[in-house]
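Hi,

Here is the structure I promised to pass on. Have a look at it first, and then read on for what turned up.

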2 protein chains.
Amino acid sequence: MKQFIFLLIILSISLTTFAQKVNQQDSIMLRKIFDEALVNGKSYDWLEHLSNSIGGRLSGSLEAERAVSYTKEELEELGLDKVWLQPVMVPKWVRGVNEYAYFESTTGNSTVVNICALGGSAPTPEGGLKANIVEVKGLEELAALGKEKIEGKIVFYNRPMNPKLIQTFEAYGGCVDQRYAGAMEASKFGATGVIVRSMSLKIDEHPHTGTMTYGDLPLEDRIPAAAISTKDANLLSGALKLNPKTTFYFNQTCRAFPDVESFNVIGEITGSMYPEKVIVVGGHLDSWDMGDGAHDDGAGCVQSMEVLRLFKRLDYKPKHTIRVVLFMNEENGLRGARKYAEVAENNNEKHIFALESDAGGFTPRGFSFQSSDEDFKQIENWKPLFEPYLVHYFVQGGSGADVAPLKKDYNVMAGLRPDSQRYFDYHHAHTDTFDKVNKRELELGGAAMTSLIYLYDKYGTVNDPVE
Amino acid sequence: MKQFIFLLIILSISLTTFAQKVNQQDSIMLRKIFDEALVNGKSYDWLEHLSNSIGGRLSGSLEAERAVSYTKEELEELGLDKVWLQPVMVPKWVRGVNEYAYFESTTGNSTVVNICALGGSAPTPEGGLKANIVEVKGLEELAALGKEKIEGKIVFYNRPMNPKLIQTFEAYGGCVDQRYAGAMEASKFGATGVIVRSMSLKIDEHPHTGTMTYGDLPLEDRIPAAAISTKDANLLSGALKLNPKTTFYFNQTCRAFPDVESFNVIGEITGSMYPEKVIVVGGHLDSWDMGDGAHDDGAGCVQSMEVLRLFKRLDYKPKHTIRVVLFMNEENGLRGARKYAEVAENNNEKHIFALESDAGGFTPRGFSFQSSDEDFKQIENWKPLFEPYLVHYFVQGGSGADVAPLKKDYNVMAGLRPDSQRYFDYHHAHTDTFDKVNKRELELGGAAMTSLIYLYDKYGTVNDPVE
C-alpha cells in the first residue's frame, strides 16, 4: 500500500508540474484574449452592420453581395497578410410575396394561419392551392397511410421537437426529415402540397423556413411546401380532430432562378513556421431571407473575424497559417464549403485544424470535436485553461457543415457549442434579429474560439505537432 | 509497477461500483424530474401571471399583496400538507410620478437624460434640484475631493462594472457601493444630490434602480439619489470633460410611508422520517416597481414552487420536511428573511439545507454552496448526476440573501447559479419583463433545484445524514 501511495504522489506531482507548465504561459495568453474581446471587441459592431444595415443574406441576393463586399473590406482593415474572394456558383431562389394560408373547419368558418415557403419550394398554382389536409407524425406514418389516403390531399407533418432532450440540436435532428424530405415523399403518394410544423420548441406565431429537397422528382411532381408556426400547427391539429374533413388553403409565389456567381470571403495571417499548414476558422455568410440572420450565422462570421483581429491586436505571430473563411451558401446548397474544400485539395493545402461557429451567438459552453480519441485526449489536457471562462464542456461529435468537407484522417474539425436553449426560438424565422444577441455572450464565444486556435497553433495536432 | 497498476485497477473498480450504485437509482429519478419539468412544467405559466397580470411587486404595494394571495392559492392547489402566511412588517416606499432630468452644458443647451429614483431615496425639493455636478469614480475619490469641491454640488458616481469579469455578479459587487452608500457619503461632504451610473454592462437608455441607505443621517441631511442610464452616464461624462461647469437638474417625488403588514408565503410537504428537520427552497416574492420582476425574482419563486409540484406529481414522499418559502421584502429590507429565521429559531426548527434561486431564470450552470469542505465533498460526488443536464458547475461561495440568515455550523446553504451574462441587462430596470425569460431555461433551473433537493433529502447532509 505504501508503494502505491508513493507512486500516486509521484504521479500527482508530475501531472501537476506538467499542468503548471502548460497553464502558466497559456493561461496568461487566454486571459489577454478574453480581456481584449470583452473590452474592445469588434464582433458586436460588425454584427450590427450585417444585421441592421444589410439584413437577411440569402444566396444570390443583393444582401449577400453586399455582405461579401462589407466583410472583405472589414478584413482588409485588419492588416492581414492576404484577403481574397473565392468565386462559387450558388443557387438563387426567391420567396416572392403574399404568402398566405388558412384552414376551413366548416364551410365559411376559416382561420388564417402563419406560413412561409420552405427554401427551394415550388410555388403553389396561380391563385393558390386548396385541398383536404391529412396530419401525419412523420415519413413512416405517411408511408403507412399510402396512396389511397394521401392522393389529392395536402400532407401536414406535425411531429414536434422532443422537449426532453437537453441539447436542442438533437431534438432538431429528430424532426428535420419532415421538412427536408417531406414534400418529396408525399409527392410519391400523390399529395398536392405539404405543410410542415416549424422546427421550434417555442409555441408562437412565427413560421420557420429551412432547406428541402425534391431529389430526382420530375418538375411536374414538385409540390409546394411551407412551414406553419407551432401555434398554428397546434390549432390546425385540434381542428382536424374535430373535423377530419378540414380543408387547407395556401398561396406562395416563390421561384428558382439560374445559378449566379457569389464568393467565399477569405483572409489569412501566414504562418511563421509552417506557412503550408492551415488552420481555418469560419462561419457562413449567407442566411435565410427572413429576419437578419443575426444568430444564424452572422454571429459565427463576426466571431471568426474577431479571432484574426485579436491575434493582430495582441501581436501574436502564428506558427501556422490562420485563415478566416466566411462560407457562402451553407443554407441551401453548401456550395461554398464544397468549393473551398475542392480548391484546398487542388492546391495540396494541408488543413490541420478547422473550427466553425454555426450554433448561434449564445454563451459558449464548450466545443465539439470531430477527431480521433488521441486528438481528443490532447484537447482534454487543455480543459483547465477554459474553466475560468466556463467554456470547458468538450465532447467528441460533429463539427460544422462548412468545415466537415475538410475532414481527413489526420486532422481535427471542431464546432463551437453555445448554450442551445434559445437557438430554435429564432432559427430561420423573422425573429432571428440583432436584438436577440447579447454582446457579452457573442464576445465570449469569439474569445473561446481564439483561445482554442491559439492552442492548436502553438502545439499543433497529434499528427502534426509543433516540433 | 505491476502492483501499482493492480491497485489502480482495484481502486477504479471500487470507485466505479460505488458510482454506479449512486448513479443508477438517482439518475433515473433525475431523468424523471427533468422530463416532467420540460414537458408539463408549470413554472412558466405561474411566471406569466405574476409578471403580466400582477406586475412589479414592491414591498407594501397592492401588487405585492396580490402576489401573496395568488401564490398562496396556487400552492394550495398542489395539495401540500400545509400552506400558510407568515406575517412580517415591511417598509413602504413609493416612487411617485414625473421623474425627469437633464444636464445643461451651456446655458440653454440642455440634454434630457433617463433617471429613476433609487429605492428608499428622499425626494428632490419641490420643483426639482439644479446644481453643478462633479464626477467621481467611487467613494474614495469622493473623500479625496473633500468638502471644498463637493459642497453644494450634485455628485455623479460613474465607475462602470468591470467587463473583464466573467461572472457578472462579481462586477456588480465591485460597483454597488456607489449606489448603496453613495448618497450617505456625499451628504457628509455637503452634496445636495447624487446621480449613480446604472449597474449594467449594457450601454442603453434604461436606468436601473436598487436599494440605498442613509445610515444614521438625520432627516435633513438625506439628499435625493437617482440612477442614470449607462448611455446617459457616458454622455454626461463626455459633457463634463468639455465643460466642467455643466449643471444637472432632476426631479423626483418619491416618498416613504409607515411600515405595513405583509407576508412570507410558505408551503410544505411534511417529512416521513424526519418531520422536524427542514429543507427550504425559495426565492423572493417582492421585486422593484419598474418592470415586472420576471427575472428578479419571479423566476426564483416559480422555480421553488415547481420543486414541490414536481415531488407531488412524481409521488415522491420526502424523508425530511420540504418547505417552499416565498420571502417578502428582499429588495429593500430583507425583513421577510429575518422574520423567517427568527420564527425558525423560536420554534427550535432544524434547517439542514436551504436553496435559493435569485440570480435570474437563465440556463442553470450549477450551484454555489455555503458549506464546510466536507459538505462540499459530498455534493461533488453528485456532480456526475448533473452532467447530462449541463448543470454541473459546483463551487463553494455564497448562497442567497434570503437563506443566509439560516446558516449554522452544521447546515448547508446554496444558491442556483444560472448563466449570468444577461442578468444585469434587466436587473431592477423597466426591461425585467416576462418576454426576457425563456421557458426551457426557466424549467431547467427548476428541475436542477428539484434534483439537488431530492439528493439532500435522500442522503441528508454530513452532519445530519439519513441513517
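To start with something you can look up yourself: in which helix of chain B does D297(B) lie? The answer is α8 of chain B, the helix that covers residues 294–313. Before going further, please keep in mind that this is a predicted model.

I picked that residue for its backbone. The peptide bond that leads from D296(B) to D297(B) is cis, and its omega is near 0°. Chain A has a cis bond from D296(A) to D297(A), with omega near 5°. D297(A) is part of helix α8 of chain A, residues 294–313. As background, most peptide bonds are trans, and most residues other than glycine have a negative phi. You will find N329(A) in the loop that joins β12 and α9 of chain A.

Now the place where the chains meet. On each side 35 residues take part: 35 of chain A are in contact with 35 of chain B. Together the two chains bury about 3100 Å², and carbon and sulfur atoms account for 59% of that. Between chain A and chain B there are 16 residue pairs in polar contact, counting pairs with both residues at pLDDT 80 or more. Which elements of chain A supply at least two residues each to the side that touches chain B? They are α1 (2–40), β14 (364–370) and α12 (439–459). Helix α1(A) gives the largest share of that side, with ten residues. Sorted by class, the side of chain A facing chain B holds 18 nonpolar, seven polar and ten charged residues.

Charged side chains also pair up across the two chains, with a count of two salt bridges between chain A and chain B. One of them joins E441(A) to R422(B), with 2.9 Å from N to O. In general, side chains of opposite charge can pair when their charged atoms come close. Over all chains, the whole structure has 52 salt bridges. Among them is the one between E345(A) and K408(A), where the closest N and O atoms are 2.7 Å apart. This pair ties together distant parts of the chain, since E345(A) sits in helix α9 of chain A and K408(A) in the loop between β15 and β16 of chain A, 63 residues apart.

On to the sheets, beginning with chain A. There you will see an open sheet of eight strands with mixed pairing, in the order β1-β10-β12-β11-β13-β16-β14-β15. Its edge strands are β1 (82–94) and β15 (393–396) of chain A, each of which pairs on one side only. From one strand to the next, the twist averages 20°. Within this sheet, β14(A) pairs with β16(A), residues 412–418, in the antiparallel sense over six bridges. If you want a residue pair to click on there, F367(A) stands opposite L416(A) of β16(A).

Helix α9 of chain A (residues 335–346) lies across β1, β10, β11 (274–284), β12 and β13 (350–356) of chain A, and runs at about 140° to β1(A).

Chain B has an open sheet of eight strands to look at as well, with the order β3-β2-β9-β5-β6-β7-β8-β4 and mixed pairing.

Cheers

Conventions. Residues are numbered from 1 along each chain as its sequence is written. Chains are lettered from A and ligands numbered from 1 in the order in which they are written. This is a predicted model: local features need pLDDT of at least 70, side-chain atom pairs count only at pLDDT 80 or more; totals for chains, interfaces and linings use all residues. Side-chain values use heavy atoms; hydrogens and water are left out. Contact means heavy atoms within 4.5 Å. Buried area is the accessible area (1.4 Å probe) that two parts lose on being put together, summed over both. A salt bridge is a side-chain nitrogen of Lys or Arg within 4 Å of a carboxyl oxygen of Asp or Glu. A polar contact is a pair of N or O atoms within 3.5 Å; within protein, one must be able to donate a hydrogen and the other to accept it, and residues adjacent in sequence count only if both atoms are side-chain atoms. Helices (H or I, at least four residues) and strands (E, at least two) are DSSP runs, numbered from the N terminus. Ala, Val, Leu, Ile, Met, Phe, Trp, Tyr, Cys and Pro count as nonpolar, Asp, Glu, Lys and Arg as charged, and the others, Gly among them, as polar. Two strands pair if DSSP finds at least two bridges between them. Axes are lines fitted to C-alpha atoms, for helices over the stretch in contact, and angles run from 0 to 180 degrees between N-to-C directions.
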